[in-house]
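Here's a quick briefing to read with the model open on your screen.

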Amino acid sequence: MKYFGSEPNQIQGADGHQEIELALVRLYEHTQKMEYLELADFFLEVRGKDPAFYQKEVEDNLARGLSEENPLIDLDYLQAYDQPKNQRHAKGHAVRMLYMASGMAKVAQYTRNSTLLEACKEIWTDIVCKKMYVTGGVGSTVHGEAFVGAYDLPNDTMYCETCAAIALVNFSFDMFKLTKEHKYLESLERALYNGVLSGAAIDGKHFFYVNPLEVSPESCRHNPDKGHVKTKRPDWLGCACCPPNFARLIESMQRFIYTQDTNALYVNLFTASKLKQNESFEIQQIGDFPFAGHLELRYNGFPQKVIVRKPSWLKDLTISSSNKWQEEEEVIIFEKTDSFNAILTFEQPVQIIYANPLVSQDVNQVAIQRGPFIYCLEEADNGSQLWRCRIAPDELSTIYEENASLLKRTITLTINGYQTEHWQTSQLYGPISEKVTPRKWQLIPYHLWGNRDEGEMRLWLPRLSIS
């Protein structure tokens, strides 16, 4: 606060990696001291106000002999091409972008700055509708660990840093707290159960920095464009931000499950849990999700409305409750009362997921989802050359079962599909029609891939050609 600010003797520029804004808002929340919130707001206001700021700093350091480095300043990478309140698109380094957006949402929550809020909404929409993978991963290129243009989502050269998925979880949660719009919990859940969990091995001792959606070890060994893609999780990373960030998020999971404000208590995620707020109230979820579609809610305490989110993957919901309730498209609202029990029964059907046709990399391919989990093929279950898999969505039948091949309880899917036959020729190209034979394919939750021997993995599965 002494060195940064709007006074002539202070530095009128923003930090490089946008993290101080988050820390300052947390300090404000704990202390209620306005100077912390005001400084966070200052860093967001001053960024991009003078786009030449960083270049001037470099030149001043060189002139004064403080440094011999003359780095290229990429204003998109730094999100400093314009003030954050004027930005509408996710650009540059994915983690920095999302940390900044989360800081914007946090500041807007307390300042009620409508211009900042509008920027947050537009940035979130740009990400979720144009630049997010089906796993909730973000950051399409290794160059600058960055966002690229709309709908450009390669599956085998992408980046999808674990920290970026964590940042999307936090940004989405901040947007929910700010707006109480449940669409933000959809992106939180997608990233949490897929793009975040894939960042750590089952043993908790090996980690992915990059989270690909398609892997061929042979291609990774010979193609320098895939040098950043690891076929097995290393036990540590040269840039070790992801392991502690992963641990911090998992340790703080409880903050995502329930949210309370002056109007209601929100149940955001289905998970066996209990929240006790001093002597004011206690709410408990009892069930075996995601293994079973049965959840019991128990509430005791002062009368307040309880709003339960209905995830988009949930089907055939039935509700039995001792309290009056109202079912809406995205939520179930239980009326104010000091005590109630409710039982939710629902299905988690296996769903075929399609990408927007503007995502050229996924044209004529499908993904498989059950509940909040995206599934993938792995060589350990299906053999090599997974690209020979073909899926006929209209003929799809699935069997899901619990087994202990990975975790003690893992829901695997077995689906009917096809496999293309090898050409009976050494030609690289030719007028030869594709021939297929029926076969079964076994899928595992995406977040569990890479826990066995090195091998291929594929998430998007080609559709059977229409004859």
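Predicted model: local features only at pLDDT ≥ 70, side-chain atom pairs only at ≥ 80, totals over all residues.

Numbering runs from 1 along each chain as its sequence is written, and side-chain values use heavy atoms, with hydrogens and water left out.

- Start with E3, residues 264–267; strands here are DSSP runs of at least two residues (E), helices are runs of at least four (H or I), and both are numbered from the N terminus.
- Ala-264 and Tyr-266 point one way from E3, while Leu-265 and Val-267 point the other way.
- In a regular strand, side chains alternate between the two faces of the sheet.
- All four of those E3 residues, Ala-264, Leu-265, Tyr-266 and Val-267, are buried (buried is under 20% relative accessible area, exposed is over 50%, and partly exposed is in between, using a 1.4 Å probe and protein chains only).
- On one side, E2 (residues 258–260) runs antiparallel to E3 and is joined to it by 3 bridges; strands count as paired if DSSP finds at least two bridges between them.
- E2 and E3 make a hairpin with 3 residues between them, and Tyr-258 has Val-267 as its bridge partner in E3.
- E3 also runs parallel to E6 (residues 294–309), with 4 bridges joining them, and the partner of Leu-265 in E6 is Val-306.

**Lys-177**

- Look for Lys-177 in helix H6, residues 162–179.
- Lys-177 counts as partly exposed because its relative accessible area is 23%.
- Leaving out residues up to four places away in sequence, Lys-177 touches Lys-106 and Thr-259; contact means heavy atoms within 4.5 Å.
- Asp-76 is 101 residues from Lys-177 along the chain, and their C-alpha atoms are separated by 28 Å.

**Asn-211**

- Asn-211 sits in the loop between helix H7 (183–196) and strand E1 (214–215).
- With a relative accessible area of 2%, Asn-211 is buried.
- The Asn-211 side chain reaches the backbone oxygen of Cys-160 at 3.0 Å.
- Beyond residues up to four places away in sequence, Asn-211 has contacts that include Met-158, Tyr-159, Gly-195 and Tyr-446.

**Ile-11**

- Ile-11 lies in the segment before helix H1 (20–31).
- Its relative accessibility is 36%, so Ile-11 counts as partly exposed.

Note on methods
Polar contact = N/O pair within 3.5 Å; in protein donor to acceptor, adjacent residues only side chain to side chain.
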